[in-house]
Amino acid sequence: MAALFERLGLDALGENIARDMVVLIPPFHDQDEATRQCAAGPLKGLVLGHMRDMFVSTLGPDGAEHLAAWDAFLQTSAGARIGDLVTANMRAGAILPLPDDMTAGDAAEAEMFMRSDAFRAFVLGFDQRRDFSPKRVQAAVDELEHKCGLVVPSKMLS
């Protein structure tokens, strides 16, 4: 899962969300830059752990099989292009169209994969709306206190 997140730019998305939290949430935005930088680490861990939990739950009992299908697809020419497109989508915060210069064969392979159970199961993770798990929140709160000297009530991150 970690490798797929990295390849598709979801790690960068998690970093951006953590950076936004540091800027927008009152306990953090009033701090100096060094403290905000420190806080970004535990918040990134909270966000990425939460995202992984959501995607793992949507992959279900066939998760290993779905991840293997994603890995195999990303090794193909079409998959490499789609991987790059998803990464660009994560950076742009928008859904970009398929590249105009994709060959007909690559476009057909990509469309076929997008109809697969592996693709659908993973994409469902984007539709999840769940609160952070209390265990992950407490871990972030503890890390913020021990690493950054910030005492943050867990309800601020829930």
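A: Cys 148 counts as buried, with 15% relative accessibility (buried is under 20% relative accessible area, exposed over 50%, partly exposed in between, with a 1.4 Å probe and protein chains only). Cys 38 is partly exposed, at 27%. This is a predicted model: local features need pLDDT of at least 70, side-chain atom pairs count only at pLDDT 80 or more, and totals for chains, interfaces and linings use all residues. Residues are numbered from 1 along each chain as its sequence is written, and side-chain values use heavy atoms, without hydrogens and water.

Cys 38 and Cys 148 form a disulfide, S to S 2.1 Å (the cut-off is two cysteine sulfur atoms within 2.5 Å). The two cysteines lie 110 residues apart, and their bond links distant parts of the chain. Cys 38 sits in helix H4, residues 33-59, and Cys 148 in helix H9, residues 134-148 (helices are DSSP runs of H or I, at least four residues, numbered from the N terminus). The torsion about the S-S bond is about -90°, so the disulfide is left-handed. A search of the whole structure finds 1 disulfide.

H4 gives the most to the lining of the second largest pocket, with 5 residues. Helix H2 (10-24) also supplies at least two. This lining divides into 9 nonpolar, 3 polar and 2 charged residues. Of its 14 residues, those closest to the pocket centre include Met 51, Met 54 and Arg 129. A pocket is an open set of points on a 1 Å grid where a 1.4 Å probe fits, with protein on both sides within 12 Å along at least five of seven lines; lining residues have an atom within 4 Å of a point. Nonpolar covers Ala, Val, Leu, Ile, Met, Phe, Trp, Tyr, Cys and Pro; charged covers Asp, Glu, Lys and Arg; the others, Gly among them, are polar.
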